[in-house]
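Please have the sequence and the model side by side before reading on.

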Amino acid sequence: MEEEVVLDQGDAAAVTLESAVFVFSLFDTGALLFLLVYYVITLSDLECDYLNAQQCCDRLNLWVIPKLVAHLILSLVFLLTGHYYLFLASLPLAAFLLREYLKVPTGNFGVYDPTEIHRLGQLKTHMRDAVIGLAYYLVFFFIYLYCLLTHLLRTNQVPKPDYADDTGL
């Protein structure tokens with residue numbers, strides 16, 4: 001007598017949506033991790049004088065809006081799919097990224113300005129922010145991976161084997 005796990009159409013769609021949300025979050029977070037590694041490498045190249053300030057700021061400012069949009073989309077997906085704890089956990093970084101983008105003074109080229117990056121310790125501040133963001137996304141990458149695995153294990157239960165016919169030989 002074998003037990004079979006049967007899902008109706010509503011459950012199958014829910015499983016697919018939940019899995020898709022966590023797979024999307026893994027890909028989004030992975031892309032943001034690679035982007036922040038790029039930020040750290042570019043800022044350290046500026047610090048070691050391998051790049052000039054104009055080249056560095058042009059490269060980094062190119063990715064400010066895509067980084068913000070990727071994080072906001074991820075937060076919105078969590079809100080719309082009912083993952084309120086994950087949404088609340090992503091909210092502080094979303095607010096920080098939005099504030100960073102909106103606080104750019106008039107006359108600057110962007111968040112990273114070549115005339116001001118060496119003044120007032122901005123290079124160290126930008127490097128610190130990139131490393132903190134890298135740590136944040138690294139931790140949340142594994143949280144999303146854990147959520148995906150626990151969701152898959154909960155929904156795709158493997159039936160227990162029947163040992164009644166086992167003779168022990």
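What follows starts with the helix itself and then turns to its neighbour and to the database record.

The model is predicted, so local features need pLDDT of at least 70 and side-chain atom pairs count only at pLDDT 80 or more, while totals for chains, interfaces and linings use all residues. Residues are numbered from 1 along each chain as its sequence is written, and side-chain values use heavy atoms, with hydrogens and water left out.

Helix α3 covers residues 64-80, where a helix is a DSSP run of H or I of at least four residues, numbered from the N terminus. Within α3, the residues V64, K67, L68, A70, H71, L74, S75 and F78 are buried (under 20% relative accessible area, with a 1.4 Å probe and protein chains only). Seen down the axis of α3, these buried residues fall within an arc of 165°, so they line one face of the helix; the arc is that of the directions from the helix axis to the C-beta atoms.

Just after α3, G82 takes a positive phi of about 85°. Helix α4 (residues 84-102) packs against α3 at an angle of about 155°, with the axes 9 Å apart. That angle makes α3 roughly antiparallel to α4 (over 145 degrees between N-to-C directions).

The unreviewed UniProt entry lists residues 20-41, 68-87 and 134-153 as "transmembrane region", and such annotations may be inferred rather than shown by experiment. Over residues 68-87 the chain is 85% helix and 0% strand, with end C-alpha atoms 15 Å apart, whereas over residues 20-41 the chain is 100% helix and 0% strand, with end C-alpha atoms 32 Å apart.

Conventions:
Helix = DSSP H or I, 4+ residues; strand = E, 2+ residues; numbered from the N terminus. Expected span 1.5 Å × (residues − 1). Buried < 20%, exposed > 50% of the residue type's maximum accessible area, 1.4 Å probe, protein only. Axes fitted to C-alpha atoms, helices over the stretch in contact; angles between N-to-C directions. Parallel < 35°, antiparallel > 145°, perpendicular 65-115°, else oblique.
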